[in-house]
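Please work through each task before reading its solution.

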Amino acid sequence: MLTEETVLKPSEVTVQNTIDKRKIRQKTGKAEWFHKSLILLMLLGLIIGIVLPLIQLFLEALKDKNGEYVGFVNFVNYFKTESLVQSMYNTLYISILTGVISVVLAFFYAYALARTQIRWKGLFKYVAFLPLFAPTMMHGIALIYLFGNKGAITTGFFGLFEKIFGSTMGIDIHLYGPVGIVISEVIYTFPQAFLILMVAISVTDYRLYEAAETLGSGKMKKFFTVTIPSIKYGLVSAFFVAFILSFTDFGAPKVVGAQYNVLATDIYKQVVGQQNLSMGSTVGIILIIPALVAFFADRMMQRKQSTSFSSKSVSYKIVKNPWRDKAYFVYCLLISLGVLSLIGAIIAASLVKVWPYNFSLTLEHLTFKNVAGNGLEPYFNSLYVSFITAILGTIIIFFGAYLIEKTRFMKITRQLSYFLSILPLALPGLVIGLAYIFFFNKPVFEVPFIGVYITNPFQSLYGTFMIIILANIIHFYSVNLITATTALKKLDKEFEPVSESMNIPFYKTFCNVTVPMSLPAILEIGIYLFVNSMTTISAVIFLYTADTKLASISIVNMTDAGDTAPAAAMSLIIVLTNILVRVVYEFATKKIRNRAQAWQQR
Amino acid sequence: MEELLYIQNVTKTFGKFVALDHVNFSVNKKEFVCLLGPSGCGKTTLLRIIAGLEEPNVGSKILLEGKDITPLPPSKRNFGIVFQSYALFPNLTAYHNIAYGLKNKKLSKKAIDEKVREALSLVHLEHVKDRYPAQLSGGQQQRIALARALALSPTFLLLDEPLSALDAKVRLKLRIEIRKLQEKLGITTIMVTHDQEEALTMADKIVVMNNAKMEQIGTPQEVYEHPKTPFVADFIGTVNMLGQEGSTIAIRPEHIHIMDTQTKNSIKTKVKALEFRGAFYRLFLEIMDQSYQVSDGLLAVDVPASIVKKLDIDKESVLNAELPQNHLVTYA
């Protein structure tokens with residue numbers, strides 16, 4: 001008699017031809033249980049942080065003012081309301097224009113830094129990144145001081161030119177409205193486009209140029225047949241990023257938009273001004289659509305990109321050409337001066353008594369007394385929120401990326417988690433903020449169709465700093481998850497199997513190997529979260545209360561109240577804080593990064 | 001000989017793709033077994049299933065000393081593994097890489113130190129113990145990875161293409177070294193490789209795989225001399241495939257005799273090309289006898305350089321080739 005457990009000689013084993021598709025389940029030990037529970041917990045967190053609030057937002061858009069479900073009536077009304085439809089066209093117009101200008105400017109700037117021998121490359125690079133440290137309102141405020149009705153350039157330096165040249169030489173660019181918004185958005189999106197294009201340009205294979213040369217191609221021909229095709233994905237990607245950023249930006253249109261409405265300001269007006277939450281969420285959903293389209297288009301492009309650059313590629317050799325260098329040097333200088341003049345205007349505005357009537361210096365604006373803000377309190381609130389967001393967010397995001405990337409269990413759960421982790425990339429901050437009001441402010445949930453009511457366990461978060469921190473983490477989740485995933489992918493994928501074979505629980509290898517090896521990326525995530533939490537306005541504008549007001553919100557409040565100088569001063573403090581934090585970070589982590597780099601050599 | 005591992009009916013599907021189709025074989029204690037096959041044949045998947053890193057389909061069974069270990073996670077299987085990439089922890093020194101697995105075993109510090117030093121001396125690398133992996137050569141990294149796997153005194157050892165990332169000279173040296181070490185420790189070893197020479201020189205037993213299925217098991221001599229299928233004959237070494245009266249016969253180039261005189265078994269051929277290979281020439285012969293069809297068009301024959309000189313063989317020479325019966329393998 002042969003029982004199942006009897007050992008058979010391999011030759012005696014009966015040949016089976018059918019294949020059972022089910023897999024043998026492994027018994028799980030303590031460490032595996034813990035591991036699996038963490039994966040489930042991550043998915044649960046993503047559902048609570050993203051999916052449920054979004055569902056609430058959608059449900060809200062289907063309700064009328066009295067809270068009755070009315071289907072798509074709001075959407076129909078939206079497209080019937082001329083002013084609302086107009087602002088959709090406005091938004092599209094602004095974003096497309098911003099995308100094009102930003103990409104063109106950033107392309108030549110990146111080209112100058114990567115492909116010419118101009119001086120001051122380091123300086124130009126730092127200046128290009130400067131706008132990242134500022135809230136978008138700052139660009140608008142700076143423009144007002146330069147090009148507004150009483151701006152330095154509009155008035156020909158307050159009549160100074162008239163005295164010298166006999167004519168005011170003032171230039172009025174009609175700042176308030178589309179002009180001001182587009183300029184602000186271009187400044188806002190320039191660093192992002194520059195970064196993408198810089199990477200794209202620097203990975204071009206020089207052998208292609210050599211091949212073109214041997215075929216006798218001229219300069220123009222090489223530019224259009226080699227340079228442009230090899231960075232076309234970078235160009236498109238940069239355009240999408242600039243497009244989405246300006247499509248969903250709230251700060252700049254709020255400050256310099258005047259009567260020119262865009263979707264982001266519409267949402268704010270509907271929700272805060274008219275208390276029309278249903279229409280607010282309807283506009284919010286409309287705001288997601290183009291972002292979602294651009295998001296998927298970008299993903300598809302990236303999939304196609306893969307193999308144009310190989311390890312055999314040769315890096316670009318810069319040919320000597322003094323005239324080209326001179327032209328590009330002037331170009332970079334002009335752009336840098338443009339960026340620096342904004343900061344200059346902000347510094348001047350924060351330090352002079354009454355622009356443009358009394359130019360004596362004062363520190364009065366930096367005290368924020370007698371203005372619509374609450375003194376320096378919002379600034380300290382911002383510091384607190386940014387610090388906690390950086391710490392908590394880094395832990396959650398990096399560990400989330402680790403669970404998705406470095407596990408062999410629960411493939412479907414992990415794939416779903418990855419999708420949810422990437423989704424916030426397509427979610428504008430305003431939408432996240434709005435969805436959070438609906439979700440966290442609701443005392444009871446009604447499960448549709450079955451009539452079950454559940455008390456909201458998260459309602460206590462409403463009105464606290466925690467909800468702002470949570471919104472920030474989700475808002476910046478995807479970008480940092482990609483950073484973390486990229487770093488994790490560089491690590492040998494067999495670290496975990498080897499540890500398992502040695503009976504080492506996963507968390508030990510995570511702490512002893514994965515974290516030390518990924519430290520540069522982890523720190524980069526932390527600094528990104530801090531800087532962006534300091535400057536962000538969109539997600540938090542709906543979530544703050546009198547006690548949890550942030551610096552960026554106080555800027556908006558102060559400009560609303562006409563206190564422009566203190567608003568400029570607050571912007572300046574934010575920028576300086578961010579620069580300071582970045583510089584300290586660079587010095588403090590130099591050693592860590594050097595050591596990590598030495599390990600990564602193979 | 002005592003059997004240690006049984007691989008029974010192991011099957012693995014990824015969606016619709018069948019990666020392993022009812023694979024059966026056994027591994028004896030102290031034996032060195034090679035899983036050999038082209039890329040994508042399923043050999044690495046099989047190794048990962050033995051390790052517990054992949055879950056096989058229902059019906060598969062892996063027995064370790066008679067006990068079913070199929071549902072056990074890797075940590076409960078007590079094996080050592082060396083990957084192609086070595087997977088050494090870059091931020092730990094060679095010493096701490098080896099000590100890493102021992103630390104979880106509730107040993108005293110002294111006992112750990114002893115074991116690490118023992119493992120280091122096994123691979124003759126005591127002098128690099130304080131270096132980081134990036135400061136070691138490829139061959140040294142490989143040996144540290146081996147030492148790390150062996151330090152835990154595993155029941156069996158799994159090697160996943162351990163030599164393929166190394167350059168040719170180091171590879172030849174390590175082949176001998178690994179085999180020596182394996183014999184010295186008497187540790188049962190399963191190695192995955194796509195390099196037939198590696199399998200022939202190192203293994204006690206070769207499992208040849210193709211398209212998710214096992215083609216043949218046997219000693220290196222058996223698979224080389226008596227390949228059971230045309231695939232095995234072709235994959236291991238060089239082989240001529242001839243068609244004769246509806247059946248296929250296979251014969252290796254070095255087994256064909258070349259003579260200047262005709263015998264009753266010989267075939268008349270003409271030299272079409274010849275390649276100098278150092279110790280021997282490889283001739284490519286056109287068969288003038290209509291009853292044979294060579295699948296590649298020409299018959300490859302290896303002839304010692306001395307005979308080529310003696311018979312004054314050159315292009316267009318007419319030669320008699322004899323195919324010895326004992327070296328012919330016939331397939332239906």
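**Exercise 1.** In this predicted model, determine the order of the four strands that form an open sheet in chain B, and state which are the edge strands.

*Solution.* 
Step 1. The order across the open sheet of chain B is E16-E11-E12-E19, and the pairing is antiparallel.
Step 2. The edge strands are E16 (293-294) and E19 (329-331) of chain B, since each pairs on one side only.
Step 3. Within the sheet, E11 (residues 240-244) and E12 (residues 247-251) of chain B are joined in the antiparallel sense by five bridges.
Step 4. Across this pair, Gln244(B) stands opposite Ser247(B) in E12(B).
Step 5. In general, strands of a sheet pair through backbone hydrogen bonds.

**Exercise 2.** Identify the parts of chain B that are tied together by the salt bridge between Glu316(B) and Lys270(B).

*Solution.* 
Step 1. The closest N and O atoms of Glu316(B) and Lys270(B) are 3.8 Å apart, and the cut-off for a salt bridge is 4 Å.
Step 2. Glu316(B) lies in the loop between helix H9 (305-311) and strand E18 (318-322), whereas Lys270(B) belongs to strand E14 (residues 267-276), so the pair ties together parts that are 46 residues apart in sequence.
Step 3. Glu316(B) also meets Lys272(B) in a salt bridge, with an N to O distance of 3.7 Å. Lys272(B) lies in strand E14 of chain B, 44 residues from Glu316(B) in the loop.
Step 4. The relative accessible area is 42% for Glu316(B), 23% for Lys270(B) and 30% for Lys272(B).

**Exercise 3.** Decide whether Arg282(B) and Asp302(B) are buried or exposed, and locate both residues in chain B.

*Solution.* 
Step 1. The side chains of Arg282(B) and Asp302(B) form a salt bridge at 2.8 Å, N to O.
Step 2. Arg282(B) is in strand E15 (residues 280-287) and Asp302(B) in strand E17 (residues 299-304), so their pairing ties together parts 20 residues apart in sequence.
Step 3. Arg282(B) and Asp302(B) are both buried.

**Exercise 4.** Compare the span of helix H21 (residues 506-535) of chain A with that of a straight helix, and locate a kink.

*Solution.* 
Step 1. With 30 residues at 1.5 Å a residue, a straight helix would reach 44 Å.
Step 2. The end C-alpha atoms of H21(A) are only 37 Å apart, which falls short of that value.
Step 3. A kink of about 65 degrees lies at Leu519(A) in H21(A), shortly before the proline Pro520(A).

Definitions and conventions:
Residues numbered from 1 in each chain as written. Chains lettered and ligands numbered in written order. Predicted model: local features only at pLDDT ≥ 70, side-chain atom pairs only at ≥ 80, totals over all residues. Heavy atoms only, no water. Helix = DSSP H or I, 4+ residues; strand = E, 2+ residues; numbered from the N terminus. Expected span 1.5 Å × (residues − 1). Bend = angle between axes of the 7 residues up to and from the residue. Pairing = 2+ DSSP bridges. Buried < 20%, exposed > 50% of the residue type's maximum accessible area, 1.4 Å probe, protein only.
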